[in-house]
Amino acid sequence: PKFKKDKDVETVLGVDLGINTDAVCSVVHKDGTVTGQRFINHPVEKDRMHGLLNTIKKAQQNGNYKTPRLWRLANNYNEAIAVKTAVEIVKFAMESKADVIAFEHLNMKKKKRSNKQKLSLWRKRDIQHRVEALASRNGIRVSYVCAVNTSRLAYDGSGKVIRGKDAGFNTYELCKFTTGKIYNCDLSASKNIGARFFIRVLLKSLSAKEELLVLAKVPELNRRTSCCLATLINAYAVLRTFKAKSEAPAEDDAA
């Protein structure tokens, strides 16, 4: 199947792969409108897998370091989660008529990695590879954006969010914006991921004059790591005003 070129893409599915929720998806349009969202989670498989990991941990504490059968079961559950999540992401992308599925680049650089963290990272990469294969069969492209600050910045442009105990929550799923608004952190991140794809496309398509104007009016565009959904909406508003002004005199002359 033929894939749409960047400039022709109208709808993107921004996907944030999390540890608490397997995947959170947001349907983002070219002008920054969000028309759909979905939480994908498989608590039963995850619960069983974490139970197995605890059994492995106890066995290792008792001196039994070789537990191939338990590891095989844990890996099987992990793979089942990846397969189901990938299928649901592509299914939602097709329902939303998305042209592109946008993920964030995953490169964890933590020195001390627990096995639980390794499994979680492997699952995220596995989901991405499976989505690529499934999506290409259905004419949907997969793209990757910079992962820095996607979860840390509020999608509405109000700045950095506070998470976990700092915000008074028992979970990292929720966050508090500087405006006091309480929101799902992964959902905010998925909107930012979708927006960053369009911001990259937008900056490539601008003329030198338009670029100077937009960068002056929306300074966050100068740094990709500080871009969020609000940045895309503001950039579009600036461009629309600029184009309306530049077309107005030409119409007056014609009259």
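My opening question: is Ser 190 buried or exposed? I found Ser 190 buried, because its relative accessible area is 0% and buried means under 20%, with exposed over 50% and partly exposed in between (1.4 Å probe, protein chains only). Ser 190 has its place in helix H4.

**Ground rules.** I am reading a predicted model, in which local features need pLDDT of at least 70 and side-chain atom pairs count only at pLDDT 80 or more, while totals for chains, interfaces and linings use all residues. Numbering starts from 1 along each chain as its sequence is written, and side-chain values use heavy atoms, with hydrogens and water left out.

**Overall layout.** I noted six helices and eight strands in the chain; these are DSSP runs numbered from the N terminus (helices H or I, at least four residues; strands E, at least two). From the N terminus, I read the order as β-β-β-α-α-β-α-β-β-β-β-α-α-α. The C-alpha trace spans about 85 × 45 × 30 Å along its principal axes. Of the 255 residues, 44% are buried.

A reminder to myself: in soluble globular proteins, nonpolar side chains tend to be buried together.

**Aromatic rings.** I counted pairs by this rule: rings of Phe, Tyr and Trp (its six-membered ring) pair if their centres lie within 6.5 Å, and planes under 30 degrees apart are stacked, over 60 edge-to-face, the rest tilted. The count comes to five aromatic pairs. Phe 177 and Tyr 183 have ring centres 5.7 Å apart and planes at 40°, so I logged the pair as tilted. Both Phe 177 and Tyr 183 are buried. For Phe 197 and Phe 198 the centres are 5.6 Å apart and the planes at 75°, so that pair is edge-to-face. Phe 197 counts as buried at 0% relative accessibility, and Phe 198 does too, at 3%.

The charged end of Lys 191 sits over the ring of Tyr 155, 4.2 Å from its centre; the test is NZ of Lys or CZ of Arg within 6 Å of the ring centre and within 35 degrees of the ring normal.

**Positive phi.** Most residues other than glycine have a negative phi, and most peptide bonds are trans. Lys 97 has a positive phi of about 55° and lies in the loop between helix H2 (68–95) and S4. Asn 149 has a positive phi near 70° and lies in the loop between strand S5 (141–145) and strand S6 (162–163). Which of these is exposed? Lys 97 counts as exposed at 65% relative accessibility, whereas Asn 149 is buried at 17%.
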